[in-house]
Structure formats: C-alpha cells, structure tokens
Amino acid sequence: MTVASQDTLVEARNLSVLYGARRAVDDVSFDIPKGRIVGLLGHNGAGKSTLMKAMVGLARPQGELKVLGLDPWRDRVALLQSACYIPDVAILPRWVRVDDLVTLMSGLHPRFSADRARQLLRRTSVGLADKVKTLSKGMVVQAHLALVAAIDARLMILDEPTLGLDVLSRKAFYEMLIEEWCDGERSVVISTHQVEEIESLLSDVLMLNEGKLVLAISLEEIDRRFVALSHDAAVADEMAAAHPLLRYRVGPGPGGSAALFDGEPPAHLQALGRRMRPSLVDLFVALTRKPELDRTQF
Amino acid sequence: MTHFLPLIRREWLQHRFGWSLLALLPLALGLLVAGFGQVEFDGDSPLPVDGALPVMLAFAVVAGATAIVFIVMSLTSLIIVSGLARRDHADRSIEFWLSLPLSHGESLAVPLLVHLVLVPVAALLVGLLGGYAISIVLVARMAGPAAWLELPWGALLPATLAIVARLAAGLPLALLWLSPLIMLTVLSTALFRRWGIVLLAVAIGLGSTVLERLFGQPMLSQLLGRLLRNAGQALASASGTGLTLRSDDDPLVALQGVPGWALADLSAALGALASPLTLGALVVAAACFALLVNWRQRSSKAAD
Amino acid sequence: MQTWDPRQPIYQQLADLLAAQLLDGDPPEGQAMPSVRALAGQHLLNPLTVHRALQALGDEGLLENRRGLGLYVTPGARERLKAAERQRFLVAEWPRMRDRLRRLGIGPEQLEWEPRA
C-alpha cells in the first residue's frame with residue numbers, strides 16, 4: 001500500500017453494478033480521501049444503496065473498486081472489521097435484548113467497544129434491558145446508531161441513518177458524528193433525503209442520477225464554481241436568455257426569483273441581481289431534474 | 001474461528017426459552033406421574049430393594065427420560081434447521097448480520113452445529129439427570145426413601161451411562177446419513193421459502209417414480225430408505241438385535257450386559273460406514289452447503 | 001437547526017459570529033479558543049468549515065497558534081476588533097444614520113446619550 005492510498009479511503013474507477021440488464025450503478029469514478037463527510041444524493045432508485053452495498057462487498061461490481069485498500073467483494077470480512085455499515089436502521093433483530101446485543105457485538109466485531117456503546121446508549125431513551133421488539137422505531141434507530149458509533153472504524157457508510165428520527169434526535173446524531181468521528185483520519189459516507197439539514201455538515205458531495213455520477217465535488221468547489229443570482233421578476237427574461245442551469249424561487253414577493261449558473265454569469269447580469277451561494281438542493285434539482293419534478297418533490 | 005462462541009451464544013439467546021420449556025416439560029410431567037400417578041404393585045408393603053422391579057424400573061425410567069428428551073429436542077432442532085436459511089428474513093435483521101464481519105460460511109455452519117450436534121447432546125445430559133431425578137421419586141414411592149441409594153449402582157450406573165454414550169456416539173453417524181436430506185431441505189427453503197419442503201417432497205416423489213420407470217427398480221426410494229434406516233440404526237440396534245431384558249432374568253446380569261451390548265451395537269453402526277453411500281451422502285451435503293454459501297452471497301444484493 | 005445566509009460563505013458568517021463573541025470577551029484574551037471539533041459540534045458544521053473560519057480570524061491577527069497547544073486569543077484582540085467595528089460604523093453606518101436624522105430634522109440636542117434609568 002503506497003502512502004497515497006493510505007490517505008484515500010475509497011477509490012472507484014469505471015464502477016458499474018448490474019442487475020441483469022439494468023445498470024443500477026453506471027460507470028462511476030470518484031475518490032474519497034480521509035477526514036471527509038461525503039453526502040450521497042440521489043432520487044429513489046438512483047443507485048445510492050447499490051453503490052454503498054458495492055463498497056461493503058454485498059454487491060458484485062464491474063470495474064475497479066478499492067475500499068481501505070481492499071477489494072470489498074473478495075475481502076468483505078476483513079473490510080467490515082475496519083469499516084462499518086448501516087444498510088437501513090429498522091433492521092435490528094427483534095427478539096434480542098439491547099444489552100445482549102452489545103455483548104454479541106463485542107464478540108463479533110473486533111473494534112467494537114462495549115463500554116462506549118453503553119455510554120452512548122445512556123444518552124438515548126433506550127434502556128439496556130429493553131427488548132428490541134418493544135422499542136419504537138425511533139428508539140431502534142437510536143440504538144442502532146449508538147451500536148455502530150461504538151465501532152472504531154476508519155470508514156462509516158450510512159444509508160439514510162436518520163430516517164424515523166425526530167429533529168432533536170437527528171441533531172444529537174449529527175453532533176455525535178462530528179464530535180466523535182471527525183478526527184481528520186476517518187471518513188463518513190452518508191445518504192439522506194434531508195439535504196438541507198445536512199448540507200452544512202458535508203465536506204463533499206456525490207450526486208447520482210439513474211446510476212450515473214452527475215457531480216463529484218467538494219462543497220468548497222461548489223461555492224467557487226456555481227453562482228446563484230437572486231433577482232427581481234422584472235429581469236427574469238434577461239436571466240433566462242443566459243441559459244442558467246435552473247430558474248427557481250427563493251422567496252415570496254417580486255425579488256424572490258433566482259437563477260443558477262455553472263461558472264460566472266455574464267457581468268451585466270451580475271449587476272442586475274445579488275450573488276448567492278446555491279443551496280445543495282437547488283443544485284441537485286438543476287442537475288438531475290426531470291421536467292415533471294418541481295423543487296418541492298425532492 | 002474467533003466468532004465461534006459469540007455465534008453459539010446467539011443461538012442460546014434466541015432459543016433459550018423454547019429449549020428450556022421443551023426439555024423440562026416432559027421431565028416435569030414424569031416427576032408428577034412418578035410422584036402422584038397410579039402405580040400398581042402387588043401388595044402394599046415396601047418391596048425388597050434388591051428385588052428385580054425397582055432396579056429395572058429405575059433403568060427404564062432413566063433410559064426412557066433420556067430418550068424422550070433426546071427425541072423431542074432433536075425434532076425441535078430439525079424443525080429449526082429446516083428454516084435456518086430464511087430465519088432472519090422476516091424481520092429483515094439479515095441485513096444487520098450481513099453488515100458484521102462474519103463470513104457466509106461460518107454464519108451457516110455454526111447454527112447447524114449448534115442445533116444438530118450441541119442441542120441433542122445437551123438433551124441427552126438433561127434427560128439423564130432428569131431421569132435420575134424421576135427414578136429417585138419412583139423408587140422412593142415403591143420401596144422407601146433410602147431405597148434409591150441402595151440400588152445396585154455398580155450395574156445401574158454403567159448401564160445408564162452406556163445408553164447415553166451409545167446415543168451420543170451414534171449421533172454424528174446418524175447426522176452423516178441424514179445430512180443430504182437435511183441440507184437439501186435447508187437449500188430448498190432458502191431458494192423457495194415455505195414451498196421449499198413441499199417442492200422437495202414432490203421432487204423426490206416424482207424423481208423416484210421416474211427413475212423406477214426408467215431403470216425398472218425403485219432406486220431413489222431404495223436409496224432414501226437405506227439412508228433413513230442407517231440413520232436410525234446409527235442410534236440403536238445397528239447389530240440387528242435390540243436390547244432385550246427379560247423379566248425372569250437376573251436383573252443385575254441383564255444390566256451388566258448393557259455396556260457390552262452398546263459397544264457391540266456401536267461397532268456395527270461404525271461398520272455400516274464402509275459403503276459408497278457414505279461418500280455419496282457427504283458429497284451431496286457438502287454440495288448443498290456450498291450452494292447455500294453462494295446463495296447467501298448473492299441474496300445480499302437487493303434492488304435499490 | 002441554524003440556517004445560514006445564502007449571500008455569504010458559511011465560514012465567513014461563522015468567523016463574524018466568533019468575532020462578535022470575542023468582542024464580548026468570550027473567550028477572554030490569552031485564553032484558548034474552543035477546539036475545532038467542539039465548535040463544529042456546537043454549530044453543526046463540517047470541521048473544515050470551522051477550520052477556515054478560524055483561519056480567517058487568524059489572518060486578521062485575532063488568534064494566534066501556540067505550537068502544540070492550539071489557537072489562543074491574541075492579547076489586544078478585543079481592542080483591535082472594537083477599533084475595526086468603530087471604523088466600520090463611522091465609515092458605513094453613521095453616514096446613513098446621519099442622513100436619516102437630517103431628513104427627520106433631529107438635531108444632536110434631541111438625542112439622549114444616557115439610557116433611561
């Protein structure tokens with residue numbers, strides 16, 4: 001393993017995953033360095049879950065994929081010792097008691113810390129003596145997240161981990177993610193539908209649309225490359241003439257229109273509007289929209 | 001395999017209540033019957049302790065209890081094993097297990113080991129101890145409280161232990177003969193869910209009819225029959241002669257003969273291994289296991 | 001969850017927020033700044049963003065990096081911030097306010113300098 005690959009946790013080149021004739025993931029290439037929080041965005045069926053499965057050896061891909069220097073399909077067990085994966089949060093065994101699950105995981109996972117898990121569980125409303133089947137969905141999610149957070153992994157792959165959690169619990173999860181996980185050596189890949197909420201946490205974003213990678217970029221670069229101009233309705237036609245990626249509304253009233261450009265908009269337009277940071281949602285819609293979808297449907 | 005013990009522990013955590021209930025219920029019933037049931041003897045006075053009846057009864061009770069608990073738990077295991085491939089699919093916890101660093105092989109092999117080997121052996125021990133407990137109660141009722149201790153243990157102990165040992169030693173042999181059927185069932189429920197067993201039965205039925213027509217002899221059913229018979233004999237009566245204890249024989253002599261019978265029976269069962277059927281059975285079972293590992297690997301990929 | 005103004009980069013807004021806190025003496029001069037992780041957790045931001053904000057404050061001379069110990073508030077930072085704020089008020093805000101007062105016909109004698117008790 002070269003020094004460079006120690007810093008790059010995931011390398012994908014021309015990665016595809018096929019289900020029969022259907023390309024769930026289509027010729028995707030990207031790198032994930034250490035110390036990042038990567039958001040994986042896409043509509044339902046875009047290939048997010050499949051991509052994540054390929055990264056943990058549960059789906060066999062074509063092309064090149066290296067995760068923590070290993071081939072996930074061949075070295076799945078070794079990989080899962082240093083990477084942790086939440087495929088879905090409603091999947092804990094229903095017959096088990098929470099404390100027994102902690103004990104089982106200590107035996108089954110070399111980097112799991114039972115003390116850490118119990119400490120994290122104490123912060124939630126989940127009791128150690130509770131049986132999973134008596135817990136509400138939100139509590140199952142909290143328990144699962146606490147268990148996974150107690151694993152000392154270099155890569156965390158989370159498929160919609162906050163589904164079913166209320167706002168306070170989501171906040172607590174994000175706090176825990178930042179405070180426990182962001183040491184500059186670990187990376188997190190997280191897919192979620194609550195893009196607005198998580199946008200400020202992300203350092204990078206991967207946008208998938210129908211299996212294809214539409215954008216692989218850091219948030220810093222988004223600020224530099226994409227420009228949104230908010231403007232009055234009066235200049236809407238002039239804005240449209242410059243062929244922006246997307247035209248949308250950011251607020252009520254006449255000044256609430258906006259146009260999103262890839263690259264610097266023409267100078268005369270910049271004078272007519274006010275420069276803004278495009279939100280991730282707007283950028284996503286702009287790059288993946290189908291004519292029948294509007295902004296609220298994401 | 002460092003995951004051996006935790007995986008065994010998983011089975012225990014999941015099944016401990018059912019196991020305890022099924023193992024202890026027959027014993028509890030036995031205790032009740034022994035303590036309060038109708039036992040008819042000639043005369044009301046305590047029978048002489050060195051008479052034939054108490055010791056033969058004690059032996060029968062111990063052997064019977066052992067056998068009953070063994071059979072109940074083995075049947076339970078067979079039922080659990082038949083649904084093993086799909087058991088975590090209903091609550092989707094299979095995805096949880098797949099997210100842990102466990103190989104497909106050990107995730108399938110350890111539960112099979114637990115249910116097919118460890119559980120029946122544990123059942124033998126539980127049955128043995130329970131049988132002793134019941135025999136204490138029974139003999140006390142028949143011949144007074146201290147009578148149990150005065151039973152001819154020199155002959156009784158080896159005889160009861162020999163029965164347990166015979167069954168324990170015969171278990172792996174029986175499993176060998178049954179392995180193709182068991183693994184085919186697991187594989188077929190993996191592939192076809194609840195219909196798996198039905199389909200397997202139909203396939204076997206059709207297969208044997210077709211082969212019979214083709215080759216003129218009932219090959220498949222003969223094969224299966226031999227497998228089942230060998231399995232049964234692996235546990236008892238491999239030498240063809242059952243364990244007969246006639247009541248007019250001196251009980252001590254009869255009991256003393258039990259270990260010898262058990263040993264001879266076991267050697268006969270071992271002798272039955274020298275047959276191409278053994279290899280065939282192992283090959284089919286191993287092939288099914290390999291296919292199961294492959295199935296588990298492929299089924300982890302689900303549509304997005 | 002805190003929403004950030006889309007008109008400015010987030011790291012800039014965080015830097016301004018931290019600067020305002022510094023002006024209030026939180027943390028006081030010579031004391032350590034909270035760690036990047038702590039700030040990130042508090043504001044639910046990516047640590048890289050927090051890093052940039054602290055960098056910006058460092059570039060303005062408000063924070064200093066003590067090797068091995070982390071970022072500390074430079075002595076005199078409060079004064080510098082106050083001076084910068086003063087300058088901004090006098091150059092940008094005051095002229096607007098003064099024009100408004102003129103338009104309303106309010107003279108200096110009508111302005112109350114002491115807050116009402």
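Predicted model: local features only at pLDDT ≥ 70, side-chain atom pairs only at ≥ 80, totals over all residues.
How many residues does helix α6 of chain A have, and how far does α6(A) reach from its first C-alpha to its last? Helix α6(A), residues 137-149, has 13 residues and reaches 18 Å, close to the 18 Å expected at 1.5 Å a residue (the expected span is 1.5 Å times one less than the number of residues). Helices here are DSSP runs of H or I with at least four residues, strands are runs of E with at least two, and both are numbered from the N terminus.

Residues are numbered from 1 along each chain as its sequence is written, and chains are lettered from A in the order in which they are written.

Back to α6(A): 11 of its 13 residues are buried, so the helix is largely enclosed by the rest of the structure. Buried means 20 or more other C-beta atoms within 10 Å of the residue's own, with C-beta atoms placed from the backbone. Among them are M139(A), H144(A) and A149(A). The buried residues pack against β5, α4, α5 (114-122) and α7 (167-181) of chain A.

Now for the sheet. Three strands of chain A form an open, antiparallel sheet in the order β2-β1-β4, with strands counted as paired if DSSP finds at least two bridges between them. Both β2 (22-33) and β4 (62-67) of chain A stand at the edges with a single partner strand, so one side of each lacks a neighbour in the sheet.

Conventions. Buried ≥ 20, exposed ≤ 12 C-beta atoms within 10 Å, placed from the backbone. Contact = placed C-beta atoms within 7 Å.
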